[in-house]
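The following note sets out points for a colleague's review of the structure shown below. Please read the numbered paragraphs alongside the sequence and the coordinates.

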Amino acid sequence: MTPKLYKAGEVCDAAGLQPYVLRSWEKEFPGIGVQKSPETPRLYRQSDLDQVLRIKQLVFVEGLTLSGARRRIEEASPKAASQKRDAEIAEVLDALGADARKRIANVRSGLQSILEVLSKDPGAGQFAPIRRASSNGGRSGPSRSPARTEASKRRAPAAKASKTKRRRAGA
């Protein structure tokens, strides 16, 4: 039997906390939550939810700071609780590992099928050759006519001079 895992939103709803409070508590109490991988969201066990509720009691009701709450929890929890937590973590990772193995097998078979397609003889005629579009829109010859280029060269100094006059005049 796999243990019940909660999402962050479910923990926040159960504890009556905002998500930013839960994230800050995760930084102060690194044992809270199980993260499958960096790309996936954190999941929480029942013991994590219980610890969040205990922290809430210590901080909001008893008025302790987070470091004071951490000390109180560490004093109250003997090594047996640490061993219990390690066993829970191993159990969760085993449950997640079975699903991960299945996903890896699917990815592996997909990659093998891609390899088969890529390893086939390219001259077998499966693919049509790629036609490249010409840079001048399908016209033959140069992209600009020589007369047009000469005209633009003659206008350039005049436009530059008028810009300089406007700059000097303060416009």
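Predicted model: local features only at pLDDT ≥ 70, side-chain atom pairs only at ≥ 80, totals over all residues.

1. Helices (H or I, at least four residues) and strands (E, at least two) are DSSP runs, numbered from the N terminus. On that basis the protein chain comes to six helices and two strands. From the N terminus on, the elements follow the order α-α-β-β-α-α-α-α.

2. Residues are numbered from 1 along each chain as its sequence is written, and side-chain values use heavy atoms, with hydrogens and water left out.

3. Of the 171 residues in the protein chain, 18% are buried.

4. Two packed helices are described by the angle between their axes and the distance between the axes. The axes here are lines fitted to C-alpha atoms, for helices over the stretch in contact, and angles run from 0 to 180 degrees between N-to-C directions. Helix H3 (residues 46–61) and helix H4 (residues 66–76) have axes that come within 9 Å and cross at roughly 125°. Angles under 35 degrees count as roughly parallel, over 145 as roughly antiparallel, 65 to 115 as roughly perpendicular and the rest as oblique. H3 and H4 are therefore oblique to each other.

5. H3 also meets helix H1 (residues 8–15): the axes of H1 and H3 come within 10 Å and cross at roughly 40°. H1 and H3 are therefore oblique to each other as well. For handedness, a crossing is left-handed if the near helix is turned anticlockwise from the far one by less than a right angle, and right-handed if clockwise. The crossing of H3 and H4 is right-handed, and the crossing of H1 and H3 is right-handed.

6. Asp50 is found in H3. Its relative accessible area of 40% makes Asp50 partly exposed. Asp50 and Val11 are 39 residues apart in sequence, while their C-alpha atoms are 9.7 Å apart in space.

7. The criterion is a side-chain nitrogen of Lys or Arg within 4 Å of a carboxyl oxygen of Asp or Glu.

8. One of the salt bridges joins the side chains of Arg42 and Glu26, at 3.4 Å from N to O. Arg42 lies in strand S2 (residues 42–43) and Glu26 in helix H2 (residues 19–28), so this pair ties together parts that are 16 residues apart in sequence. Arg42 is partly exposed at 22% relative accessibility, whereas Glu26 is buried at 14%. Glu26 and Val52 are 26 residues apart in sequence and 9.3 Å apart in space, C-alpha to C-alpha.

9. Arg70 and Glu28 form another salt bridge through their side chains, at 2.2 Å from N to O. This pair links distant parts of the chain, with Arg70 in helix H4 and Glu28 in helix H2, 42 residues apart. Arg70 has a relative accessible area of 26% and is partly exposed; Glu28, at 25%, is also partly exposed.

10. Arg72 forms a salt bridge with Glu62, where the closest N and O atoms are 2.8 Å apart. Arg72 lies in helix H4 and Glu62 in the loop between H3 and H4, so the pair ties together parts that are ten residues apart in sequence. Both residues count as partly exposed, Arg72 at 33% relative accessibility and Glu62 at 38%.

11. The last point concerns the surface. Patches are made of residues with over 30% relative accessible area and no salt bridge; like charges are joined within 9 Å, and nonpolar side chains (Val, Leu, Ile, Met, Phe, Trp, Tyr) within 5 Å. Val107, Leu111, Ile114 and Leu118 form a nonpolar patch with about 420 Å² of accessible area together. Accessible areas come from the Shrake-Rupley method with a 1.4 Å probe, and for residues only the protein chains shown count as cover. Ile114 lies in helix H5 (residues 79–119) and is partly exposed, with a relative accessible area of 47%.

Methods:
Buried < 20%, exposed > 50% of the residue type's maximum accessible area, 1.4 Å probe, protein only.
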